Amino acid sequence: VPCVPALRRTRATSQQARLHAAERGANLAGAFQADPRRLPAGPVLLLDDVLTTGHTLLACRDALHAAGTGPVYFAVVAR
């Protein structure tokens, strides 16, 4: 399975660790964009090192869906 860097951050955001859980989603809204030319036709697996509230993964998922990808699955190393 290829590892394809199809996501990029489109704007600077505050550090998530310094924000309350309720502020994290707003901080990342629209912060990522996916390149539809680099996306696979099938499902996508997102990898993250640490899961706290999940807002980073959800913002990335939203960008991938906006670019037309299929199902998005998550894998994390630590919670």
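1. Helix crossing. In this predicted model, helix α1 crosses α2 in a right-handed sense. The two helices pack at an angle of about 25°, and their axes lie 9 Å apart. Helix α1 is therefore roughly parallel to α2, since angles under 35 degrees are classed in that way.

2. Helix contacts. Helix α1 spans residues 21–28. On the α1 side, the residues at the contact are A21, R24, G25 and L28; on the α2 side they meet H55, T56 and A59.

3. Nonpolar core. The largest nonpolar core comprises 15 residues, and those with the most contacts inside it are L28, F32, L39, L46, L64 and V72. Two or more residues each are contributed by β2 (32–34), β3 (44–50) and α2 (55–66). Helix α2 makes the greatest contribution, with five residues.

4. Surroundings of L64. Leaving aside residues up to four places away in sequence, L64 is in contact with L7, A34, L39, V44, L46, T69 and V72.

5. Cysteines. The model has zero disulfides. C3 takes part in none, the nearest cysteine sulfur being that of C60 at 13 Å. Because a disulfide requires sulfur atoms within 2.5 Å, that distance is too far for a bond. C3 counts as exposed because its relative accessibility is 76%, whereas C60 is buried, with a relative accessible area of 9%.

How values were computed. Residues are numbered from 1 along each chain as its sequence is written. This is a predicted model: local features need pLDDT of at least 70, side-chain atom pairs count only at pLDDT 80 or more; totals for chains, interfaces and linings use all residues. Side-chain values use heavy atoms; hydrogens and water are left out. Buried means under 20% relative accessible area, exposed over 50%, partly exposed in between (1.4 Å probe, protein chains only). A nonpolar core is a set of buried Ala, Val, Leu, Ile, Met, Phe, Trp, Tyr and Cys residues joined through side-chain atoms within 4.5 Å. Helices (H or I, at least four residues) and strands (E, at least two) are DSSP runs, numbered from the N terminus. Contact means heavy atoms within 4.5 Å. Axes are lines fitted to C-alpha atoms, for helices over the stretch in contact, and angles run from 0 to 180 degrees between N-to-C directions. Angles under 35 degrees count as roughly parallel, over 145 as roughly antiparallel, 65 to 115 as roughly perpendicular and the rest as oblique. A crossing is left-handed if the near helix is turned anticlockwise from the far one by less than a right angle, and right-handed if clockwise.
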